[in-house]
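Take a slow look at the fold before reading on. We will start with the backbone, then move to the charged pairs, and end at the ligand.

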Amino acid sequence: MTITTGAPLPTSAPAESTAPRTTQRGATPRRFLMCRPEHFEVTYAINPWMDPSKPVDTALAVAQWELLRSTYEVLGHQVDLIDPVEGLPDMVYAANGGVVYAGKAMAARFTYAERQPEGAAYQAWFERAGFRPTIQAASTNEGEGDFLVVGRIILAGTGFRTSVDAHHEVREFFGAPVISLELVDPRYYHLDTALAALDDHTIAYYPPAFSPASNAILRQLFPDAIIATDADAEVLGLNAVSDGHNVVLTDKAVHLHERLRERGFNPVGVDLSELLKGGGSVKCCTLEVRS
Ligand SMILES: CN(C)C(=N)NCCC[C@H](N)C(=O)O
């Protein structure tokens, strides 16, 4: 199923795909935090996707984002909103705001000065929402951009943004096993640009984005993983949000849609072309709040 701006919104959860299935999978309701891109623009470049000389259509970004938000609601998920702050155009990428797991919250500490004030804004939201304890990370930590929960473990990216010290801090704070993975391609600067958590046991990933040692870990932990193609990765197809059955991702990642269907998932395509200009897609706009 593909949902595009201007298309009528579905009034019920998207229909099951008719493609062959290996397993019937179960969706579980989720709670997400999102930030409307009212102040979205590209005025600086802190990743290779950003080009301040290219125009951005903020109204279109808002319309595409609204469709993503309603897609989640139609799928039965709760969406909470954090107020956007003028002058913080990347705040729309809510996944970077922190990690919320087992009722505790760790707000981000951003690498670049342009995004650093976002940490306090997300911390204040976590506190108001009642997560206890809520702290701000002591080490450079870009939230769910680099920390992805897969079942009982947390996969953690490093190499461009989040530090290895932050991996230790997350392990201690949440008391969960953390597996460090090294990213090596600047286009895939956050873990969630190169790897998607699909359910408690299944991931999809793009091997060239990882160091040889990290590839060996991924092969060992997830021998049945879906492997993304260059074309899937280049449209940020792995920047996806799954509820265990429905996988919301860019409509441009056609090969990945096929692989997901074959494995019993229901790919739900959306168009976030304006937000891609900042270097993010579906997952970047979505922080999962785990109580
Ligand atoms: C999964 N997430 C959140 C991301 N991959 N984040 C997109 C961040 C984009 C921003 N311009 C930056 O470069 O920080």
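Helices, of at least four residues, and strands, of at least two, are DSSP runs, numbered from the N terminus. Keep that in mind, and remember that this is a predicted model.

Start at proline 133. This residue lies in the loop between helix H2 (118-128) and strand E6 (134-136).

Alanine 102 is not a glycine, yet its phi is positive, near 50 degrees.

Next come the charged side chains. Side chains of opposite charge can pair when their charged atoms come close. The structure holds 18 salt bridges. One of them joins arginine 36 to glutamate 66, with 2.9 Å from N to O. This pair links distant parts of the chain, 30 residues apart. Arginine 36 is in the loop between strand E2 (31-34) and helix H1 (58-74), while glutamate 66 is in helix H1.

Finally, turn to the ligand. How many residues surround the ligand? There are 18, and the closest are Asn47, Arg115, Asp192, Gly278 and Cys284. Sorted by class, this shell has six nonpolar, eight polar and four charged residues.

The side chain of aspartate 90 has an N or O atom 2.9 Å from a nitrogen atom of the ligand. Aspartate 192 also has a side-chain N or O atom facing a ligand nitrogen atom, at 3.1 Å. Arginine 161 places a polar side-chain atom 2.9 Å from an oxygen atom of the ligand.

How much of the ligand's accessible area does the protein cover? On its own, the ligand has 390 Å² of accessible area, and the protein covers 100% of it. The space that the ligand takes is the largest cavity.

Definitions and conventions. Residues are numbered from 1 along each chain as its sequence is written. This is a predicted model: local features need pLDDT of at least 70, side-chain atom pairs count only at pLDDT 80 or more; totals for chains, interfaces and linings use all residues. Side-chain values use heavy atoms; hydrogens and water are left out. A residue is near a molecule or strand if one of its heavy atoms lies within 4 Å of it. A polar contact is a pair of N or O atoms within 3.5 Å; within protein, one must be able to donate a hydrogen and the other to accept it, and residues adjacent in sequence count only if both atoms are side-chain atoms. Accessible areas come from the Shrake-Rupley method with a 1.4 Å probe; for residues, only the protein chains shown count as cover. On a 1 Å grid over the protein atoms alone, a cavity is a set of points where a 1.4 Å probe fits but cannot get out, and a pocket is an open set with protein on both sides within 12 Å along at least five of seven lines; lining residues have an atom within 4 Å of a point. A molecule sits in a cavity or pocket if more than half of its atoms lie within 2 Å of its grid points. Ala, Val, Leu, Ile, Met, Phe, Trp, Tyr, Cys and Pro count as nonpolar, Asp, Glu, Lys and Arg as charged, and the others, Gly among them, as polar. A salt bridge is a side-chain nitrogen of Lys or Arg within 4 Å of a carboxyl oxygen of Asp or Glu.
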